[in-house]
Amino acid sequence: MLNKFALIRNECQQNLYFVLLISALILTGISLYNAFYKSNRLHNEGNFNRISLDINEVSEVRLTDSIDRSRPRRTNCSIWTCMDPYRCGHDHITVYVYPLHDYVDANTGTEAAPLTREFYQILETIVKSPYYTSNPNEACLFVPSLDLMNQNSVNVDLTNRALASLNYWDDGRNHILFNMLPGTYPTFNTVIDVNTDHAMIAGAGFDSWSYRHGFDISIPVWSPLLRKHPKATSYNAGSADYLLVVAQMNLLPKMMWVIQGLAEDHTKDILLLQQCSKPSRKTRCAPGDTVHQISYPNVLSRGTFCLLGPSLRLGNPDLLEMLAFNCIPVVTIDSYILPFEDMIDWALAAVRIRESDIHLVVEKLKGISLDNIEEMKRQGRLLYESYFNSIRTLTLTTLEYIQCRLFPHGERNKKHWNFVDSSNGVALNPLFLSRVVTRSDGFTAVILTYDRVESLFLLIEKLSVVPSLHGILVVWNNQQKAPPLLSSFPAISRPIKIIQTSNNRLSNRFYPYKDIETEAILTIDDDINMLTEDEVEFGYEVWREFPDRIVGFPSRLHVWENMTSHWRYESEWTNQISMVLTGAAFHHKYWSHMYTYRMPEVIKDIVDGRMNCEDIAMNFLVANVTNKPPIKVTPRKKFKCPECANNEMLSADLNHMRERSRCIDEFTQIYGRMPLRSVEFRADPVLFKDNFPEKLKRFSDMGTL
């Protein structure tokens with residue numbers, strides 16, 4: 001009997017082990033499925049490779065504390081009161097993206113909404129941008145991986161606790177939250193209803209009451225319909241069928257009532273569309289005909305102007321759809337904060353009419369000239385293509401906007417955000433410097449040389465005593481012969497670096513070498529050793545006040561010859577100048593970057609092929625962008641090397657002047673205009689010619705004619 005009971009017990013134990021094993025396998029399978037599901041739980045319209053984000057794999061965060069420790073949005077914020085701008089260093093922002101997490105309420109099992117396609121693209125763009133940092137201790141700004149794009153899908157309580165639980169939240173300081181559709185029915189607030197505390201909101205529904213000027217960022221609502229239309233359509237003047245197209249859904253009843261009356265009175269001017277019997281964002285129907293569908297947003301191209309009126313939400317995707325199809329927006333929302341309106345001048349691309357004047361809209365639009373219409377359409381297309389044509393572009397625009405806000409002296413100003421064309425004759429400063437450059441920064445002397453070692457060493461010795469010299473970079477352009485050892489160079493108190501180039505090109509003098517640590521560059525030939533200490537120092541002082549220009553010593557002029565209908569390079573001594581030769585001149589390192597990467601490649605081919613005209617090319621480049629002449633310093637005109645024989649110098653070639661005249665002609669054709677500006681101006685030190693004791697003059701050792 002005992003053996004029988006023992007056998008039954010053994011069989012029961014085996015069955016129990018078998019059941020436990022099966023249960024373990026089932027639980028493991030469920031866990032693997034959940035892990036797979038959560039790791040791929042993005043928007044159902046596309047699959048994404050999370051590895052490309054270069055951030056941690058998705059992990060689950062269980063919020064066990066049911067107490068909401070977050071605080072409501074602070075209504076009065078600036079970059080000095082609600083963030084720490086000193087985390088951002090001196091010249092650029094850095095952005096840290098929190099790792100992707102699934103936030104789950106430990107008590108109820110409620111989960112945060114999955115990432116939408118749009119928010120994932122925002123995170124991916126930030127991670128791949130030059131602003132990104134993977135080190136939170138170095139970050140200026142933080143972006144939580146919580147999707148708040150559409151408040152309709154946001155669990156407010158869970159989101160509040162998730163934000164408060166972030167490692168670096170610190171009451172939201174230095175945090176950016178992206179939101180395009182704030183508020184929920186029936187109130188539709190203009191800012192997201194989440195406890196954001198001190199956080200900065202990049203939102204699309206701000207009005208003049210909820211927008212914190214200088215702190216929040218107004219962005220547009222992205223339209224999924226524009227995925228198939230990433231570029232704005234071409235524009236032909238006078239091609240529109242209607243003066244005004246009204247295709248916006250859900251206009252407020254009062255506005256719709258006025259528009260319907262106008263459409264009845266101006267049937268040839270206004271195209272009024274409405275929702276079809278089968279509602280769809282991709283179609284519209286004419287009033288009284290809800291069956292025959294009209295493709296949307298393509299229909300916007302049939303209007304010169306398109307109405308953007310008040311609805312339950314202030315932010316609508318209609319604005320970007322209008323820009324994409326070259327329809328000038330007519331904004332009739334009094335309190336709406338347009339995207340990036342602190343920088344973008346919307347008056348150049350849109351018409352704004354007060355809500356109370358909507359009955360005058362036809363009269364006002366007919367009063368706009370065809371020239372202004374063409375300019376606004378062109379400007380709208382430029383705004384769309386540069387700032388709004390994709391989620392990636394929109395995200396980078398937002399980061400650049402923050403960069404300009406935090407560093408207003410080092411980045412683009414409002415003029416440059418609005419595409420001022422230098423060809424219209426307006427002088428501008430592309431360096432966006434509204435102040436004099438600091439003297440203590442000093443300059444880097446870039447010396448282009450081949451093998452004139454004795455002359456090179458003499459020049460280095462003379463430059464070494466200039467007070468503002470920061471360092472010397474020797475560009476050795478000889479590939480057949482190694483440069484002298486650094487130990488053989490003159491012993492000076494400033495650092496010297498030598499770079500041997502791989503090709504013998506004159507353009508090498510303008511390459512933006514990483515060894516150049518200063519903004520100011522003195523490009524100088526190895527045989528220009530007649531300049532005095534005071535002349536070089538004074539040249540740097542002048543450049544500090546005009547950092548966007550070429551400031552230097554030898555000057556030249558371009559002259560038009562009526563007999564030959566060509567430009568002539570002129571080196572005679574005259575009161576006029578239009579070029580300063582870069583054999584001895586200061587320029588900002590920005591121009592080295594522009595010369596290397598932005599100047600037409602054909603110009604560099606001409607320069608390097610002929611071993612000539614690199615200084616003319618640089619003068620053309622700067623003048624074409626700024627519409628300003630260079631600045632000549634001191635009266636000195638002779639710059640030949642007294643110790644060098646004429647047969648060693650490039651200018652000894654009889655064809656030299658002819659080649660340089662030819663370069664001016666060809667560069668003018670390439671640019672499509674003559675950008676050089678002639679001027680009768682020279683910068684001399686104070687008291688230069690006055691009868692004062694030399695010891696009273698700051699710059700006494702100045703050269704003569």
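User: Which cysteine is joined to cysteine 88 by a disulfide?

Analyst: The sulfur of cysteine 88 has a partner sulfur at 1.8 Å, and the cut-off for a disulfide is 2.5 Å. The link connects distant parts of the chain, 52 residues apart: cysteine 88 is in the loop between strand S1 (59–63) and strand S2 (95–97), while its partner is in the loop between helix H2 (117–128) and strand S4 (141–143). The residue joined to cysteine 88 is cysteine 140.

User: Is the disulfide of cysteine 88 and cysteine 140 left-handed or right-handed?

Analyst: The torsion about the S-S bond gives the handedness here. For cysteine 88 and cysteine 140 that torsion is about 55°, so the disulfide is right-handed.

User: What is the handedness of the link between cysteine 77 and cysteine 82?

Analyst: These two cysteines form a disulfide with their sulfur atoms 1.9 Å apart, and both cysteine 77 and cysteine 82 are buried. About the S-S bond of cysteine 77 and cysteine 82 the angle is -75°, and the link is left-handed.

User: Where does cysteine 306 sit, and where is cysteine 327?

Analyst: Their disulfide has a torsion of about 100° about the S-S bond, so it is right-handed. The pair links distant parts of the chain, 21 residues apart. Cysteine 306 is in strand S12 (residues 303–308), and cysteine 327 is in the loop between helix H5 (318–324) and strand S13 (328–331).

User: Which residue of S13 is the bridge partner of cysteine 306?

Analyst: S12 and S13 pair in the parallel sense over 4 bridges. On S13, Ile328 and Val330 lie on one side and Pro329 and Val331 on the other, and all of them are buried. The bridge partner of cysteine 306 in S13 is proline 329.

User: Which strands stand at the edges of the open sheet of 5 strands?

Analyst: The order in this open sheet is S9-S8-S12-S13-S14, with parallel pairing. The edge strands each have a single partner strand, so one side of each is left without a neighbour in the sheet: these are strand S9 (270–272) and strand S14 (351–352).

User: Which residue in S12 stands opposite tyrosine 242?

Analyst: Strand S8 (residues 242–246) pairs with S12 in the parallel sense over 3 bridges. Opposite tyrosine 242, the residue in S12 is glycine 303.

User: At what angle does helix H4 run to S9?

Analyst: Helix H4 (residues 253–265) lies across S8, S9 and S12. Helix H7 (residues 370–388) also packs on the sheet, touching S12, S13 and S14, and its direction makes about 65° with that of S12. For H4, the angle to S9 is about 130°.

User: Is histidine 175 buried or exposed?

Analyst: Histidine 175 is in the loop between helix H3 (156–164) and strand S5 (176–179). Leaving out residues up to four places away in sequence, its contacts are Tyr98, Phe142, Pro144, Tyr168, Trp169, Ala199 and Met200. With a relative accessible area of 0%, histidine 175 is buried.

User: At what angle do helices H12 and H14 pack?

Analyst: The contact includes Trp591, Met594 and Tyr595 of H12, with Leu621 and Val622 among the residues of H14. The axes of helix H12 (residues 589–598) and helix H14 (residues 614–626) are 11 Å apart, and the packing angle is about 105°. That makes H12 roughly perpendicular to H14.

User: Which element has the lowest mean pLDDT?

Analyst: The protein has a mean pLDDT of 83, and 81% of its residues reach 70 or more. Among its elements, S4 has the highest mean, 97, and the lowest, 47, belongs to helix H1 (residues 2–39). Where pLDDT is low, the predicted coordinates should not be read in detail. The element to treat with that care is helix H1.

Notes
Residues numbered from 1 in each chain as written. Predicted model: local features only at pLDDT ≥ 70, side-chain atom pairs only at ≥ 80, totals over all residues. Heavy atoms only, no water. Buried < 20%, exposed > 50% of the residue type's maximum accessible area, 1.4 Å probe, protein only. Helix = DSSP H or I, 4+ residues; strand = E, 2+ residues; numbered from the N terminus. Contact = heavy atoms within 4.5 Å. Pairing = 2+ DSSP bridges. Axes fitted to C-alpha atoms, helices over the stretch in contact; angles between N-to-C directions. pLDDT = per-residue confidence, 0-100. Parallel < 35°, antiparallel > 145°, perpendicular 65-115°, else oblique.
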